[in-house]
Amino acid sequence: MWTFPKWYYFKKGTVSERAFAEAQNYPIPKHRGAWFPKGVPDLKHGRDRRFKEEVIVPKTEQAAETEEDSVSRPIKFNPRITEADKSNDQTSIERQLPRTLYLLVNQENTWKFPAFNIESDAKPLHEIAEEGLRSVVGVNVNTWTVSSTPTAVLKYNKDKLVESTDSSSDITREYLIKSHIIAGKLDFQNGVNGVKEYKWLTKEEISELTSKDYYEQVNHLLADI
């Protein structure tokens, strides 16, 4: 931003606005007959627009006692290796922070993406997927469904995966709906829809846990990072 909007952060007429104003090193305005070796100041909103603006954040009384409590202290980044990484807790979403994680469940003794039966065609697929997901992870998870259109379709013949081109009459279809977790707390419902366990996994971890046939049909949907 070209000029710091102090009026946005400090309401006019408040103590905080006065503290901010007193902490600044304002430039000297131009005067008739005065000589400025670096050129005539170009002031607007209390800053010389010829140079980069330097903003001083005022310290609170408590922060004035110790630099560690100051709002102007240097930023210390949190570690990228979490406690879940150290303990290899794959049930925690607070792991593998640089990577994309996917929710996999042990459903009917098979590791896969959560799947739910379609009892009625009165609702669209993405709503059925959202309701089924919450039956497993609880209602305190805020998710965003990317699209109402499936990202892929898996075909089964007597519980065995078959090629997508197979058009046999006894084919069962499984539609994959992509959804992002935004916030919230996962409250795992053990035993619902045949789900016994869950894990948050990277693409490589999914390849190690799922069957070869299943991974071959979903790996192109998974992010490498």
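**Aromatic pairs and a pocket**

1. The structure, a predicted model, holds seven aromatic pairs. In one of them, the ring centres of Phe 4 and Tyr 9 are 5.4 Å apart and the planes meet at 5°, so this pair is stacked. The cut-off for stacking is an angle under 30 degrees.

2. The partners in that pair fall into separate accessibility classes. Phe 4 is partly exposed, at 26% relative accessibility. Tyr 9 has a relative accessible area of 52% and counts as exposed, because the exposed class begins over 50%.

3. Phe 10 and Phe 20 are also stacked, because their ring centres lie 4.7 Å apart with the planes at 25°. Phe 10 sits in the loop between H1 and helix H2 (15-23), while Phe 20 belongs to helix H2, so the contact ties together parts ten residues apart in sequence.

4. Are Phe 10 and Phe 20 buried or exposed? Phe 10 is buried, at 17% relative accessibility, and Phe 20 is buried as well, with a relative accessible area of 5%.

5. One aromatic cluster takes in both of these pairs: its members are Phe 4, Tyr 8, Tyr 9, Phe 10 and Phe 20.

6. Helix H1 (6-9) and strand E2 (47-48) each contribute at least two residues to the lining of the second largest pocket. By class, that lining has eight nonpolar, five polar and six charged residues.

Note on methods
Residues are numbered from 1 along each chain as its sequence is written. This is a predicted model: local features need pLDDT of at least 70, side-chain atom pairs count only at pLDDT 80 or more; totals for chains, interfaces and linings use all residues. Side-chain values use heavy atoms; hydrogens and water are left out. Helices (H or I, at least four residues) and strands (E, at least two) are DSSP runs, numbered from the N terminus. Ala, Val, Leu, Ile, Met, Phe, Trp, Tyr, Cys and Pro count as nonpolar, Asp, Glu, Lys and Arg as charged, and the others, Gly among them, as polar. Rings of Phe, Tyr and Trp (its six-membered ring) pair if their centres lie within 6.5 Å; planes under 30 degrees apart count as stacked, over 60 as edge-to-face and the rest as tilted. Buried means under 20% relative accessible area, exposed over 50%, partly exposed in between (1.4 Å probe, protein chains only).
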